[in-house]
Amino acid sequence: MGLKYANKINKIRTFALGLVFVGILVMYIGIFFRESQVIMIIAMLLGLLFIISSTVVYFWIGMLSTRTIQVVCPNCGGATKMLGRVDACMHCREPLTLDKSLEGKEFDEAYNKKKQEKGNLS
């Protein structure tokens with residue numbers, strides 16, 4: 001088996017979930033500094049900022065997810081949402097593309113960049 005690719009929407013959701021855990025961890029570390037109220041308050045506020053930023057990321061990817069193209073994966077038959085020219089199936093991680101000029105080419109997320117050099121398309 002070759003490399004397994006991850007769906008972009010799932011990558012962003014995983015990042016947002018990580019922000020929640022980092023925020024809780026920073027707040028938990030702040031508890032150990034109860035004697036120093038300044039450090040504890042800074043840790044609590046920093047943790048809160050991580051959690052708020054996670055909420056913003058979740059909201060952003062949710063709004064972006066409503067505008068994506070939904071396709072049926074030819075490998076597993078599951079419905080998946082695609083961002084960009086190339087993406088991976090949310091279920092089986094099969095590389096997918098809607099661009100006929102990219103069919104049969106090696107999967108590369110660089111195909112999603114707006115401006116490409118001519119050498120990258122070979």
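Colleague: Which elements are included in what covers the buried residues of α2?

Modeller: This is a predicted model: local features need pLDDT of at least 70, side-chain atom pairs count only at pLDDT 80 or more, and totals for chains, interfaces and linings use all residues. Residues are numbered from 1 along each chain as its sequence is written, and side-chain values use heavy atoms, without hydrogens and water. Contact means heavy atoms within 4.5 Å; helices (H or I, at least four residues) and strands (E, at least two) are DSSP runs numbered from the N terminus. The cover includes α1 (8-31) and β2 (79-82).

Colleague: Which residues of α2 are buried?

Modeller: Buried means under 20% relative accessible area, exposed over 50%, partly exposed in between (1.4 Å probe, protein chains only). An α-helix has 3.6 residues a turn, so residues three or four places apart point the same way. In α2 the buried set is Ala43, Gly47, Ser54, Val57, Ile61, Leu64 and Ser65.

Colleague: How many aromatic pairs are there?

Modeller: Rings of Phe, Tyr and Trp (its six-membered ring) pair with centres within 6.5 Å; planes under 30 degrees apart are stacked, over 60 edge-to-face, the rest tilted. The count is one aromatic pair. Tyr28 and Phe32 have ring centres 5.4 Å apart and planes at 85°, so the pair is edge-to-face. The number asked for is one.

Colleague: How many disulfides does the whole structure hold?

Modeller: A disulfide needs two cysteine sulfur atoms within 2.5 Å. The search of the whole structure finds zero. For Cys73, the nearest cysteine sulfur, that of Cys92, is 3.6 Å away. For Cys76, that of Cys89 is 3.7 Å away, so the count stays at zero.
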